[in-house]
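Reader: Please zoom in on one part of this model for me: how do the aromatic rings sit together, and what lies around them?

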Amino acid sequence: MRKYAWIGGTGFVLGLLVAGLILIQPENQTNQVSQPVVSGYNSVSTSPLYASPLSEAVPPFDFARIVEKVGPAVVKIVCERVEKVRGFEEWPFDEFWDRFFGIPRRQPRQFRSTVQGSGFFISSDGYIVTNNHLVENANKITVYTSQGDEIVAKPVGFDAKTDLALIKVEGKNYPYVEMGDSSQIKVGEWVLAIGNPWGLEHTVTAGIISAKGRQLGVAEPVYQDFIQTDAAINKGNSGGPLVNLKGEVIGITSNIFSPTGAYAGIGFAIPSNLVKRVVSQLKEKGRVVRGYLGIVPKAVDEEYRQAFKLKSKEGAVVESVEPDSPADKAGLKQYDVIVEVNGQKVKDDMDLRFKIAEIAPGSKATIKVIRDGEEKTLTAIIGELPEEEAARSPESRPEDLGLTVTTLTPRIARSYGLRTQEGVVVTEVDPYSEAAKKGIRPGDIILEVNRNKVTSAREFQQALRRLKSGEPVVLLLRRETEGFSRDFIVTLRMP
């Protein structure tokens, strides 16, 4: 019995060894079944789970071919500016001596500055798209192509509200990019940024789309629908293309978030669909025509939703209605919540701005609102945003008074530590202006102009435009300091 038991045990052990040899096979055996592997740049599994939806035009992750396709259309842009700066050599009474004694005023000092950025050809006949903040107020715009050409460009049109500009160089047969559909992009897709960071020409960086529909919470640009990316973007990338795996431009790099001013993993690009709409108007008219409703919209926060018993936070609250505006004529009222425009749902205040801006002036717009818990449908005849307003940001400067002001919103109020959340806040005062002489300072809130209430920078501008040279300007201001506030009156005079 022991003999048979020993033989049986030996056979069992040999069986285990044979089974182990069958299971452990070298990697080069033809019958091996391996798991799909993604190594980032140079291998993509054939598994549907890893298949790229953008693989029709170029091989996935073949960045070199994308750069070969798009790179020649990218240009370096150098802008020269002559700026004035006030110095100690300019005295407050210079104007007095000039006016009454004929002694010429001392001229402000001037200095020349240079700004560098990027852009790209959108057609073979020399049209180039870039950022407005790069080329605005430039005395000279020079374009450097990848072929080594140096060409002076002429401005075609600017749009500060989207931070886009169109310039043109003479010549033909320039390489140009294909504009893609930014509505089709997905978070997580690979993208390339091509530009001239820190003056280093034709630099390529890779990353992914980190988010869509970003709003930066800053005054400029007014219309914000940014693509967020972690592709490295630095100073000098502004105006360059953000490219998908098809080699299509799906955005224009524009901003970064950084505590140091250098790349910190968060960059933003203007989506290509917005670029196409703006550029087509700049090319045709030299400016952008936008619809105008005449309200100050605000996002619906949780407190507002609860206070007014709304079902969701979708929509935009009407903070104020400009008198005699299309909104006023349509019957829109303060506290209305706009939830639809022409049958399209309104997500928030920025979405409402886009929807109204895209409606042709003179067209009818059906606007659905929630008022006191009930739905109402109103019809407005959309006006045209005045050209002078289209060229300004919400923060505007009445040059004659020496003030820079912006509409006071709850967010801005918090940044200034203010309790008042309505009116126009002074953000800057020219130290040589009459306003400074009368004691107005940053942080003061303008409540009324000539005894008429103002709730936005636009209303403030309109109130001043109604005045003639030499007429008095009576301002009711509020100053909040150390836990208390006081209202006071300042009288200025229009130059």
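**Rings and their surroundings**

Author: Let's start with Phe308, which is partly exposed, because its relative accessible area is 35%; buried is under 20%, exposed is over 50%, and partly exposed is in between, using a 1.4 Å probe and protein chains only. Before going on, a word on the ground rules: this is a predicted model, where local features need pLDDT of at least 70 and side-chain atom pairs count only at pLDDT 80 or more, while totals for chains, interfaces and linings use all residues. Residues are numbered from 1 along each chain as its sequence is written, and side-chain values use heavy atoms, with hydrogens and water left out.

Back to the rings: searching the whole structure turns up 6 aromatic pairs. Rings of Phe, Tyr and Trp (its six-membered ring) pair if their centres lie within 6.5 Å; planes under 30 degrees apart are stacked, over 60 edge-to-face, and the rest tilted. Take Phe121 and Tyr174: their ring centres are 4.5 Å apart and the planes meet at 10°, so this pair is stacked. It bridges distant stretches of chain, 53 residues apart, with Phe121 in strand E2 (residues 109-121) and Tyr174 in the loop between E6 and E7. Helices (H or I, at least four residues) and strands (E, at least two) are DSSP runs, numbered from the N terminus. Phe121 and Tyr174 are both buried.

Phe308 has a stacked partner too, Tyr335, at 6.1 Å centre to centre with 25° between the planes. Here Phe308 sits in the loop between helix H6 (302-307) and strand E16 (316-321), and Tyr335, 27 residues apart from it, in the loop between helix H7 (326-330) and strand E17 (337-341).

Now look around Phe121. Val177 is buried, at 7% relative accessible area. From Val177 to Ser124 is 53 residues in sequence, but 9.4 Å in space, C-alpha to C-alpha.

Val70 takes us to helix H2 (residues 63-70), where Phe63, Ile66 and Val70 are buried. They span an arc of only 60° around the axis, so they lie on the same side of H2; that arc is taken from the directions from the helix axis to the C-beta atoms.
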